[in-house]
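Here are my notes on the model you sent. Please keep the structure open while you read.

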Amino acid sequence: MKRASATKPAMALPALIRQLSEAVAVSGDEHAVRSLVLQAVQDSADKLEVDALGTVLATRTGTSRRRERVLAAAHMDEVGVMIVSIESDGLLAIEAVGGLDPRVLLGKQLWVGRQRLPGVVGATPVHLLKDDEEKRPVAFDALRLDIGAGSREAAAKLVQPGDRATFATSFRNLGGTLRGKALDDRVGVALLIELFRSSRFEFDFTAAFTVQEEVGLRGAQAAAFAIDPVAALVLEVTPANDLPPQPGETENVRYNTRLGHGAALSLADSSTLYPRALVQHFAAIAVRDQIPFQYRQPGGGGNDSGGIQRRRSGIPVVALSVPGRYIHSPAALVRLSDVRAALQLARAALSELPRRPARA
Ligand SMILES: [Zn+2]
């Protein structure tokens with residue numbers, strides 16, 4: 001879908017991340033982010049489509065006559081809640097969409113529905129808590145979302161079961177540290193937009209802006225099947241866990257990644273063992289070009305890589321992540337220098353991707 005119009009000047013990276021972070025796109029309802037993505041890539045795409053699940057597939061044709069395809073993916077969706085019923089007093093019962101700790105929801109303000117109504121998750125005032133209640137974990141089905149409606153009828157005029165809600169968090173650039181909701185994975189989406197608009201490779205390059213990662217890597221599986229690439233790159237935000245040592249520790253030995261130490265290359269996570277040749281290719285380019293990078297410490301968690309690598313006859317995949325503190329909460333923090341390092345490394349390593357990455 002190539003447009004004759006002149007290409008709009010590209011938005012600066014922090015401004016692009018702000019716009020994406022403040023859009024609401026809880027899994028299964030990614031419409032708001034999809035609109036921004038389509039606008040951002042339409043002038044540079046040789047082919048642009050939205051699949052049946054809602055994933056955006058944007059392709060730039062390669063310069064080589066070999067018609068090899070490479071896929072890069074970033075997920076558009078974020079964790080949040082779904083309204084499941086409206087009660088007689090106008091309060092809304094909710095369920096989690098994706099991995100969300102009910103404790104981080106208590107007392108928080110949310111944006112509710114596509115019209116972003118203000119809501120709050122009710123919490124018992126501390127005055128009324130009984131002795132043992134403070135110590136008990138919060139159950140999701142005990143939470144209620146309150147939009148101020150006084151009756152079921154009044155609430156039903158504003159929301160429907162199935163509507164999503166997420167944290168009402170404005171984005172801030174704190175002098176090179178970016179704070180906002182859903183930076184997992186709007187930072188990856190911004191990286192993929194930038195990478196796509198600024199690069200033409202030898203191979204046909206498809207950027208997949210995927211849906212429903214947070215509920216089981218669903219969009220990525222369909223996209224990988226459709227494109228059938230020779231290799232894939234996943235652009236993500238991964239937990240930093242780089243906070244001060246716990247009592248009894250002299251240093252924090254449990255970090256996954258650290259802010260300000262560069263882009264993180266995954267070795268292993270709960271759904272993927274990353275092919276060594278591909279990881280080493282990215283690491284070698286980083287060392288050669290002096291791009292700051294770190295290895296994400298193996299452990300739990302997963303990302304679209306797990307959905308991609310098992311499609312077709314197996315697809316070699318590498319994950320490059322920006323470290324983020326407090327992800328899946330109202331406000332995550334990432335460092336802009338890590339975002340820039342990830343972009344630089346992704347572009348350089350893809351430009352020199354080994355001819356047959358599966359066996360390299
Ligand atoms: Zn993610």
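Which residues in α4 meet which residues in α8?

1. **α4 against α8.** Val187, Leu191, Glu194 and Leu195 in α4 meet Val339, Ala342, Leu343, Ala346 and Arg347 in α8. Meeting here is contact: C-beta atoms, placed from the backbone, lie within 7 Å. By class, this contact has 7 nonpolar, no polar and 2 charged residues. Nonpolar covers Ala, Val, Leu, Ile, Met, Phe, Trp, Tyr, Cys and Pro; charged covers Asp, Glu, Lys and Arg; the others, Gly among them, are polar.

2. **Basis.** This is a predicted model; local features need pLDDT of at least 70, and side-chain atom pairs count only at pLDDT 80 or more, while totals for chains, interfaces and linings use all residues. Residues are numbered from 1 along each chain as its sequence is written.

3. **Geometry of that pair.** Two packed helices are described by the angle between their axes and the distance between the axes. The axes of α4 (residues 183-198) and α8 (residues 336-351) come within 10 Å and cross at roughly 45 degrees. Axes are lines fitted to C-alpha atoms, for helices over the stretch in contact, with angles from 0 to 180 degrees between N-to-C directions. α4 and α8 are therefore oblique to each other. Oblique is what remains after roughly parallel (under 35 degrees), roughly antiparallel (over 145) and roughly perpendicular (65 to 115).

4. **α1 against α4.** Helix α1 (residues 13-22) also packs on α4, at about 135 degrees with the axes 9 Å apart. The pair α1 and α4 is oblique too, and its crossing is right-handed. From α1 come Leu13, Leu16, Ile17, Leu20 and Ser21; they meet α4 residues including Leu183, Arg186, Val187 and Ala190. The contact of α1 with α4 divides into 9 nonpolar, 1 polar and 2 charged residues.

5. **Leu191.** This residue lies in helix α4. Leu191 is buried, with 29 other C-beta atoms within 10 Å. The cut-offs are 20 or more for buried, 12 or fewer for exposed, and partly exposed in between, counting other C-beta atoms within 10 Å. Beyond its neighbours within four places in sequence, Leu191 contacts Ala74 and Leu235, among others. Its C-alpha atom is 8.3 Å from that of Leu13, 178 residues away along the chain.

6. **Backbone points to check.** The peptide bond from Asp184 to Asp185 is cis, with omega near 15 degrees. Asp185 is in helix α4. Gln212, not a glycine, has a positive phi of about 55 degrees. Gln212 sits in the loop between β12 (204-210) and α5 (218-227) and is buried, with 25 other C-beta atoms within 10 Å. Asp228 has a positive phi of about 50 degrees.

7. **Whole chain.** The chain has 8 helices and 17 strands. These are DSSP runs, numbered from the N terminus: helices are H or I of at least four residues, strands E of at least two. Buried residues make up 47% of the 360 residues.

Technical notes
Two residues are in contact if their C-beta atoms, placed from the backbone, lie within 7 Å. A crossing is left-handed if the near helix is turned anticlockwise from the far one by less than a right angle, and right-handed if clockwise.
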